[in-house]
Amino acid sequence: MALSRLSSRSNGIARPFSAAFNRFISTDTTPITIETSLPFTAHLCDPPSRSVESSSQELLDFFRTMALMRRMEIAADSLYKAKLIRGFCHLYDGQEAVAIGMEAAITKKDAIITAYRDHCIFLGRGGSLHEVFSELMGRQAGCSKGKGGSMHFYKKDSSFYGGHGIVGAQVPLGCGIAFAQKYNKEEAVTFALYGDGAANQGQLFEALNISALWDLPAILVCENNHYGMGTAEWRAAKSPSYYKRGDYVPGLKVDGMDAFAVKQACKFAKDHALEKGPIILEMDTYRYHGHSMSDPGSTYRTRDEISGVRQERDPIERIKKLVLSHDLATEKELKDMEKEIRKEVDDAIAKAKDCPMPEPSELFTNVYVKGFGTESFGPDRKEVKAALP
Amino acid sequence: MAALLGRSCRKLGFLSSGHGARRSVSTETGKSLNLYSAINQALHIALDSDPRSYVFGEDVGFGGVFRCTTGLAERFGKNRVFNTPLCEQGIVGFGIGLAAMGNRAIVEIQFADYIYPAFDQIVNEAAKFRYRSGNQFNCGGLTIRAPYGAVGHGGHYHSQSPEAFFCHVPGIKVVIPRSPREAKGLLLSCIRDPNPVVFFEPKWLYRQAVEEVPEHDYMIPLSEAEVIREGNDITLVGWGAQLTIMEQACLEAEKEGISCELIDLKTLLPWDKETVEASVKKTGRLLISHEAPITGGFGAEISATILERCFLKLEAPVTRVCGLDTPFPLVFEPFYMPTKNKILDAIKTTVNY
């Protein structure tokens, strides 16, 4: 492969590389065609082709970013156990392919809105590790100024609308964003992500009906990791074919552990949504951790199942095999990359630990628009400042 | 962080209803149980005593996220204790229908923060069913249980206290226990009450509160408040987990010579106005404390009613020590909460008015 000098990352996650890596990282955009592992299953539409256009740079990018996401989530696990992260922490490891494949297919003008398993999506949208760890630990430098926590990451300049705690509530919001995009003729789409548990919420169908009625560029993405907290999908849903749930809305079932399948599906969905209206994507994926850090994840599924998926379908392993088979890097070089990533994550954690907590006065800010709300102090409310318009 | 530590250390052995207890059950001994075990016992008894009662909600089959429903599915079968999909509106609506056919539907909403999709069903369907059908139909067999309240690290959506929303709805009852023994008796009363009831369980106390709970079937009447500590200088009214904090403040105030009377409201709707009125007529001062935000909280209703009834007997304005008017915060929880010191401050200010 042509070995040329390093150029800066193009996916928004700027990161310096040590000189040792200059040798093999290719800035080649010579196309590589990858076949997805499984064909797509379609509902009311023609499935896209299994051949995905990619490049050596993209392949290495995928590996690096997914390894970073994986490392970040594992580090968050340790921080939670060390009680530096409190509250609730829902980890995404195993599902990285969905975040990375989606990013590869869209621009920062397209909006993404998701539920509480949002750390990796935030990173994919251009968030930095420092912002992630600061927010998780409730520090000022966090993306939501330390006031949101694990479940409420937002990034306005990349059209990432968060980060929502209430299951299913983000889907009607996503359709509203799509409406705005269409109204403003932005030629952009909205990806509203939800899980297999949320798929049974009524508000989802309300939002779907409205989107279909008004031809909104809304793409509903069901990240089906087969367990709604502890409930297996077959025990919660009469029809676990979530891509068909739209009935009159077309759908596509995608292997969510294959980043290229995800990329192809999202590209297809974006084109469809801009032209014809809403579409549902079902990502068949899996999470290795439990629902959240309070859930061991082994009371409702066997350890064999988890390790089986890890061995056969792990998204990072898949990319690694592709990188090696296309001779883009050697095993050792990839291991070195992983070591770099580990160090980067550790540095970000150390930096975040040094960051201060928000000021106590922040408790009262942003409840309303500044100057138009009430503030209360003192148990007998002697000092109450109310400035209403 | 000290405030958090203090909270995590509180044990509730002393909250047993002692002084002049009106319930014989309060002097009985039993097994030492925590809150979730007491509730579990109540559910076992309820399902045992009425073959037409059902327990359902998200994840109740294996015992529930707080273990309140352990052993029920094994003992009574999957036809009576079953899991539902993730749809609060559907679950409550389904419960209303089941209750309308004469069954006892014991619905679990996993966290009170998630009860809002079901709000329409509770307010518009459950509360008004008997009224609008001219007593032809009713859903009195409906009991909705939900864990509520702060837990130290719950953040926006695992700590809310929504009782005030429901106290504004004629047609339902709202009940909040303070301890394991109370919870078992109150829950059994709620299940057997011929009106729809919303039962909020202080999730903080699920493991923390340990008390002697009689093993037999007993009920504690609804709409009867209890004076759990007698005093002469000021009346304090509260419910649920907040009572422990208030009791600590009372003990501190006693050291300064202020004798406090503490009342557990137990039932918020319809609430026992007479007991509180009698107490305030004796002491002349009232302090109300709850975790929910102060504006529009249930303390406002108590304050207004007592003002109407006891105006001439009041020595000082009614004080409310409550959560602040912000969304329930994440890292700021110790500042948001109505802590012992805030209550103590208010007691002293009121007494020295």
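## A tyrosine at the boundary

Let's start with Tyr114(B), which counts as buried at 14% relative accessibility. Here buried means under 20% relative accessible area, exposed means over 50%, and partly exposed lies in between (1.4 Å probe, protein chains only). Everything here comes from a predicted model, where local features need pLDDT of at least 70, side-chain atom pairs count only at pLDDT 80 or more, and totals for chains, interfaces and linings use all residues. Residues are numbered from 1 along each chain as its sequence is written, chains are lettered from A and ligands numbered from 1 in the order in which they are written, and side-chain values use heavy atoms, with hydrogens and water left out.

Where does Tyr114(B) lie? Look in the loop between β4 (104-108) and α5 (119-126) of chain B; helices (H or I, at least four residues) and strands (E, at least two) are DSSP runs, numbered from the N terminus. Leaving aside neighbours within four places in sequence, Tyr114(B) is in contact (heavy atoms within 4.5 Å) with Ile166(A), Glu88(B), Ile109(B), Tyr157(B) and His158(B). The side chains of Tyr114(B) and His158(B) are also joined by a polar contact of 2.9 Å. That term means a pair of N or O atoms within 3.5 Å; within protein, one must be able to donate a hydrogen and the other to accept it, and residues adjacent in sequence count only if both atoms are side-chain atoms.

## Where the chains meet

Zooming out, 36 residues of chain B are in contact with 36 residues of chain A. The two chains bury about 2,800 Å² between them, 67% of it on carbon and sulfur atoms. Buried area is the accessible area (1.4 Å probe) that two parts lose on being put together, summed over both. In chain B, Leu86(B), His153(B) and Phe332(B) lose the most area to chain A, together 22% of what that side buries.

How many residue pairs are in polar contact between chain B and chain A? There are four, with both residues at pLDDT 80 or more. The count of salt bridges between these chains, though, is zero.

## Charged pairs

Side chains of opposite charge can pair when their charged atoms come close. A salt bridge is a side-chain nitrogen of Lys or Arg within 4 Å of a carboxyl oxygen of Asp or Glu, and the whole structure has 38 of them over all chains. In one of these, Lys339(A) meets Asp336(A) at 3.9 Å, N to O. They are separated by about one helical turn because they sit three residues apart in helix α11 (residues 331-353) of chain A. Lys339(A) is exposed at 59% relative accessible area, while Asp336(A) is partly exposed at 21%.

Over in chain B, Lys266(B) and Glu182(B) form a salt bridge, with their closest N and O atoms 2.8 Å apart. Lys266(B) is in the loop between β11 (260-264) and β12 (267-269) of chain B and Glu182(B) is in helix α8 (residues 180-192) of chain B, so the pair ties together parts 84 residues apart in sequence. Both Lys266(B) and Glu182(B) are buried.

Arg192(B) pairs with Asp217(B) in another salt bridge, at 3.0 Å between the closest N and O atoms. Arg192(B) belongs to helix α8 of chain B and Asp217(B) to the loop between β8 (210-213) and β9 (226-229) of chain B, so this pair links parts 25 residues apart in sequence.
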